[in-house]
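Here are my notes on the model, for you to check against the coordinates.

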Amino acid sequence: MDYSTWRHRTVEVEPSVHIAYIDCPSKSKKSEQGVILLVHGFPQTSYQFRYVINPLAAAGYRVLAPDYRGAGASSKPATGFTKAVMARDLVRLLNALEIHEPVHVIGHDIGGMIAFAMAAKHPSRVASVNWGECPLPGTSVYAEDRTTHAVQQFHFIFHSVPDLPLALVAGRERIYLSHFFQKLAYNTAAIKSEDVDHYVRCYEQPGAMRCAFEVYRAFEQDAKECKEWIASYGKLSLPALCLSGAKSRHIDDAEEMFAEVHQEGTYEVIAIRDSGHYLAEENPEMFVVESLHFIERTTSGSK
């Protein structure tokens, strides 16, 4: 892969909190088509988009892939892990880069929650939102994952317990992170040993696992804020897409979940074939094709 055009930079989004990001300019000879913002999940970083950044840029888009606060090369602060705050970080990133036109936001897993929060609370900054592979806090699907599906989603509760998870996982990051890759991937060749090495190095950093757990501890506050937002302002009307793995458990609930938070007729759900949870790594080609088709339909005004 050609990384020669990728710029790795950081920007301060609040005092002593820096967001690291990849900035890849359009690789097309045509004029730039817009900006795509990629938001990763757990237990990953912007590295999860390594296969899709260049193809998206080749289609004429400037591509930004930040490490959200607490992950990768970004700062490891003590607070600020509600998805509303994490979405605000990304708006401030855009401001720092003097990107004022609406962008196309694509979020996966935790990044999906952040993408939704950004679309809800900063709609003027979002041209379209593409999110999935997560039970959005505040929906009935999320509530069921904390109860009916609590064994499958054990980490939602485990990560919320103060202190104990960090004590148990410290020094065992490889065992813990590998559990999620082994359990949730369908294309088992997609995430190679060297990829796991990369993620483990990232989460072995001082403060990284603590921040990862804080992201989950904020879920109940996220749920409260989501419900209050929908009650006050109604469902989102922005063009929305849900990409979910055809072999992922999340595909079964995607339609129901989107109907709770998006207006009828504004969204669609597409299954990524031959993929479990890790779409951009298990089937990057279809991830790119479907994401671009959606953006092009949104840009042309057709639904």
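1. Helices, at least four residues long, and strands, at least two, are DSSP runs numbered from the N terminus. Please bear in mind that this is a predicted model.

2. The largest pocket has a volume of about 260 Å³. Of its 18 lining residues, those closest to the centre are His8, Ile22, Ser46, Tyr47 and His198. Strand S1 (7-14), strand S2 (17-24) and helix H8 (193-204) each contribute at least two residues to the lining. By class, that lining comprises nine nonpolar, six polar and three charged residues.

3. Helix H2 (residues 83-96) packs on helix H3 (residues 110-121) at an angle of about 70 degrees, and the axes are 8 Å apart. Angles of 65 to 115 degrees count as roughly perpendicular, so H2 and H3 are roughly perpendicular to each other. On the H2 side the contact uses Lys83, Ala84, Met86, Ala87, Leu90, Val91 and Leu94. H3 supplies Ile110, Met113, Ile114, Ala117, Met118 and Lys121. Eleven of the contact residues are nonpolar, none is polar and two are charged.

4. H3 also packs with helix H10 (residues 219-233), here at an angle of about 30 degrees with the axes 12 Å apart. The crossing of H3 and H10 is left-handed. Ile110, Met113, Phe116, Ala120 and Lys121 of H3 meet Phe219, Glu225, Cys226, Trp229 and Ile230 of H10. This contact of H3 with H10 has eight nonpolar, no polar and two charged residues.

5. Ile110, Met113 and Lys121 of H3 take part in the contact with H2 and also in the contact with H10.

Notes: Residues are numbered from 1 along each chain as its sequence is written. This is a predicted model: local features need pLDDT of at least 70, side-chain atom pairs count only at pLDDT 80 or more; totals for chains, interfaces and linings use all residues. Side-chain values use heavy atoms; hydrogens and water are left out. Axes are lines fitted to C-alpha atoms, for helices over the stretch in contact, and angles run from 0 to 180 degrees between N-to-C directions. Angles under 35 degrees count as roughly parallel, over 145 as roughly antiparallel, 65 to 115 as roughly perpendicular and the rest as oblique. Contact means heavy atoms within 4.5 Å. Ala, Val, Leu, Ile, Met, Phe, Trp, Tyr, Cys and Pro count as nonpolar, Asp, Glu, Lys and Arg as charged, and the others, Gly among them, as polar. On a 1 Å grid over the protein atoms alone, a cavity is a set of points where a 1.4 Å probe fits but cannot get out, and a pocket is an open set with protein on both sides within 12 Å along at least five of seven lines; lining residues have an atom within 4 Å of a point. Grid points are joined across faces, edges and corners, and a volume is the space filled by probe spheres set on the points. A crossing is left-handed if the near helix is turned anticlockwise from the far one by less than a right angle, and right-handed if clockwise.
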